Amino acid sequence: EYLFDSTFSGCSGLSGEIPAGLFQGISGTPLYGVFYRTFSGCSGLTGPIPENLFAGIYGSPAGSMFYYSFFGCKKLTTIPDDLFGDISGTAKTGMFGGMFSGCTGLGGSSAKINGQYLYNIWPAATDNQIGDMYYNATGLDDYNAIPTLWK
């Protein structure tokens with residue numbers, strides 16, 4: 001649990017792109033808080049989020065697994081398809097809460113798993129599970145289609 005909790009959190013001087021393959025060796029079902037606030041507040045990170053960053057993760061979601069992971073990373077530009085590997089199952093508390101909140105530089109589409117938007121995979125998700133995932137990420141192509149609880 002909390003494996004990469006706040007690893008780079010608050011590193012506003014950390015700049016450039018997130019290295020591809022950073023979490024390449026991580027695989028299996030997610031643990032509680034595994035990427036909790038990992039890049040939160042890294043306002044100097046730029047570019048797209050690398051493809052396959054969390055690709056080895058599969059199975060049932062865990063609580064707070066990606067809670068606020070990229071919060072405030074306003075220079076990130078795109079979310080790759082299948083960023084989350086192959087997660088499926090019942091939504092958990094805090095699983096995507098605030099993940100891209102304040103990521104005002106994001107464009108392209110919001111997060112997908114196997115070609116489906118997360119808000120279509122978990123249409124009944126509650127505020128305490130996904131609240132504010134895309135808060136102020138108005139540059140996303142599908143922002144107007146994203147359900148209110150997600151933004």
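Helices (H or I, at least four residues) and strands (E, at least two) are DSSP runs, numbered from the N terminus. What you are looking at is a predicted model, in which local features need pLDDT of at least 70 and side-chain atom pairs count only at pLDDT 80 or more, while totals for chains, interfaces and linings use all residues. Residues are numbered from 1 along each chain as its sequence is written, and side-chain values use heavy atoms, with hydrogens and water left out.

Let's stay with Gly72 for a moment. Leaving aside its neighbours within four places in sequence, Gly72 is in contact (heavy atoms within 4.5 Å) with Ser43, Ser101, Gly102 and Cys103. Gly72 and Asn136 are 64 residues apart along the chain, and their C-alpha atoms are 9.8 Å apart in space.

Now for the cysteines. A disulfide is a covalent bond between the sulfur atoms of two cysteines. Here it is called when a pair of cysteine sulfur atoms lies within 2.5 Å. How many disulfides does that rule give? The count is zero. Cys73 is in no disulfide, and its nearest cysteine sulfur, that of Cys42, sits 5.2 Å away. Cys103 is in no disulfide either; for Cys103 the nearest cysteine sulfur is that of Cys73, at 5.3 Å. Are these two cysteines buried or exposed? Take buried as under 20% relative accessible area, exposed as over 50% and partly exposed as in between (1.4 Å probe, protein chains only). Cys73 has a relative accessible area of 0%, so Cys73 is buried. Cys103 also comes out at 0%, so Cys103 is buried.

On to the aromatics. A pair of aromatic rings is described by the distance of the centres and the angle of the planes. Rings of Phe, Tyr and Trp (its six-membered ring) pair if their centres lie within 6.5 Å; planes under 30 degrees apart count as stacked, over 60 as edge-to-face and the rest as tilted. A search of the whole structure turns up 25 such pairs. One of them joins Phe54 and Phe66: the ring centres are 4.8 Å apart and the planes are at 55°, so the pair is tilted. Phe54 lies in the segment before strand 1 and Phe66 in the loop between strand 1 and strand 2, so this pair ties together parts 12 residues apart in sequence. Both Phe54 and Phe66 are buried.

Phe54 also pairs with Phe84: the centres are 6.4 Å apart and the planes are at 5°, so this pair is stacked. Phe84 lies in the loop between strand 1 and strand 2, so its pairing with Phe54 ties together parts 30 residues apart in sequence. Phe54 has 2% relative accessibility, so Phe54 counts as buried, and Phe84 is buried at 0%.

Back in the loop between strand 1 (58-59) and strand 2 (86-87), have a look at Tyr67. Tyr67 is partly exposed, with a relative accessible area of 24%. Not counting residues up to four places away in sequence, Tyr67 touches Phe35, Tyr36, Arg37, Gly94, Met95 and Gly97.

Finally, find Ser40 in the segment before strand 1. Ser40 is buried, at 5% relative accessibility. Beyond residues up to four places away in sequence, Ser40 touches Phe8, Ser9, Gly10, Tyr68, Ser69 and Phe71.
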